Amino acid sequence: MSSVQLLADALAEETGDMLLARVAASQLIGARNALIVENHQRTLVGDPLEEIAEDCAALAERVFGQVEKGLQGYPGKN
């Protein structure tokens, strides 16, 4: 089972809405994957590991902050 499906199942358990749970899970896992790719690319081009590590928290806040804005109101219970 994929990480998206596992997260979607957990979110749907809380909200009762599998469709929006899948959307949210896809966005969250996509954001995580984008951060992983960013770190790998920086490593491959030779950025110092200490610099990459120092930037991780700020980048994660930026990326997940964007996801949060896109998910405002979710999970909304009607």
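**View 1. Leu20 in its helix.** Leu20 counts as partly exposed because its relative accessibility is 39%; buried means under 20% relative accessible area, exposed over 50%, and partly exposed in between (1.4 Å probe, protein chains only). Leu20 sits in helix H2, residues 18-44. Helices (H or I, at least four residues) and strands (E, at least two) are DSSP runs, numbered from the N terminus. The model is predicted: local features need pLDDT of at least 70, side-chain atom pairs count only at pLDDT 80 or more, and totals for chains, interfaces and linings use all residues. Residues are numbered from 1 along each chain as its sequence is written, and side-chain values use heavy atoms, with hydrogens and water left out.

**View 2. The nonpolar patch.** Leu19, Leu20 and Val23 make a nonpolar surface patch of about 260 Å². Patch residues have over 30% relative accessible area and no salt bridge, and nonpolar side chains (Val, Leu, Ile, Met, Phe, Trp, Tyr) are joined within 5 Å, like charges within 9 Å. A salt bridge is a side-chain nitrogen of Lys or Arg within 4 Å of a carboxyl oxygen of Asp or Glu. Areas come from the Shrake-Rupley method with a 1.4 Å probe; for residues, only the protein chains shown count as cover.

**View 3. Helix H1 and its end.** Gly16, with a positive phi near 80°, follows H1.

**View 4. The helices together.** The chain has 3 helices and 0 strands. Of its 78 residues, 18% count as buried.
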